[in-house]
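Here are my notes on the structure, point by point. Please keep the coordinates open while you read.

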Amino acid sequence: MSKKPDSVARCSSRLDDVTCPSCAGHKTVTATGIRYAPGFSGPQVVEMPCFVCDGVGRISTFQVARMKLGESFRHHRVFVLGLGLRKAANKWGMKAFELSGIEQGKTVTDWTPPGWLDASS
Ligand SMILES: [Zn+2]
């Protein structure tokens, strides 16, 4: 039986155990941005601090494990249940950003998606 998370918290501890898989330790990621300021020159590729490691370049093995678990939750939601993020969040009594945080491994919780263990056994 699945339930809404009781305790939701962002993990702030950094153990610096492994290279960040998102930025490969470079501490930044590239994104395409549009500048609306004077001198507008169209879409530009900009460097931004990595949103996974917050620009540190390394993350804890605990965060890596949460990211992998969240990835399997997302896979279950999309490919087994066929649900979009907002629809699933609404169905499970949470906000889309909360579910997104769990799936990205940013949120620490003991919650699992309904049917997740059934499908993996
Ligand atoms: Zn990173």
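1. **Confidence.** pLDDT is the predictor's confidence in each residue, on a scale from 0 to 100. This is a predicted model, and its chain has a mean pLDDT of 83. A value of 70 or more is reached by 79% of the residues. Among the elements, α2 has the highest mean pLDDT, 97. Strand β1 (residues 9-10) has the lowest, 48. Over residues 6-10 the pLDDT is below 50. That stretch still has seven contacts in the model beyond near neighbours in sequence. Where pLDDT is low, the predicted coordinates should not be read in detail.

2. **Overall layout.** The chain has four helices and six strands. The order from the N terminus is β-β-β-β-β-α-α-α-β-α. The chain has 121 residues, and 16% of them count as buried. Of the contacts with a separation of 6 or more, 63% join residues 24 or more positions apart.

3. **The nonpolar core.** Which residues make up the largest nonpolar core? There are five: C20, C23, C50, C53 and I59. In soluble globular proteins, nonpolar side chains tend to be buried together. I59 is in contact with V18, C20, V52, C53 and V64, leaving aside neighbours within four places in sequence. Two of these partners, C20 and C53, are listed in the core as well.

4. **Helix α1.** This helix has 20 residues. From first C-alpha to last, α1 reaches 27 Å, close to the 28 Å expected at 1.5 Å a residue. Its buried residues are Q63, R66, G70, F73, H76 and R77. Seen down the axis, they fall within an arc of 135 degrees, so they line one face of α1. T61, A65, K68 and F79 are exposed on the other side. After α1 comes G82, with a positive phi near 65 degrees.

5. R86 lies in α2. Is R86 buried or exposed? R86 has 12 other C-beta atoms within 10 Å, and a residue with 12 or fewer is exposed, so R86 is exposed. W92 sits in the loop between α2 and α3. With 18 other C-beta atoms within 10 Å, W92 is partly exposed. W92 and P114 are 22 residues apart along the chain, and their C-alpha atoms are separated by 8.3 Å.

6. **Helix α3.** Which residues of α3 are buried? They are L99, I102 and E103. These fall within an arc of 95 degrees when seen down the axis of α3, so they line one face of the helix. The buried residues of α3 pack against α1 (61-80), α2 (85-91) and β6 (107-108). G105 follows α3 and has a positive phi, near 80 degrees.

7. **G101.** G101 belongs to α3, which covers residues 96-103. Why does G101 count as partly exposed? G101 has 19 C-beta neighbours inside 10 Å, whereas a buried residue needs 20 or more, so G101 counts as partly exposed. G101 touches K106 and T107, not counting residues up to four places away in sequence. G70 is one of the buried residues of α1.

8. K27 is not a glycine, yet its phi is positive, about 75 degrees. The place of K27 is the loop between β2 (18-19) and β3 (28-34). K27 has 16 C-beta neighbours inside 10 Å and counts as partly exposed. D54 is not a glycine either, and it has a positive phi of about 55 degrees. D54 lies in the loop between β4 (43-49) and β5 (58-59). With 13 C-beta neighbours inside 10 Å, D54 counts as partly exposed.

Notes. Residues are numbered from 1 along each chain as its sequence is written. Helices (H or I, at least four residues) and strands (E, at least two) are DSSP runs, numbered from the N terminus. Two residues are in contact if their C-beta atoms, placed from the backbone, lie within 7 Å. A nonpolar core is a set of buried Ala, Val, Leu, Ile, Met, Phe, Trp, Tyr and Cys residues joined through C-beta atoms within 7 Å. The arc is that of the directions from the helix axis to the C-beta atoms. The expected span of a helix is 1.5 Å times one less than its number of residues.
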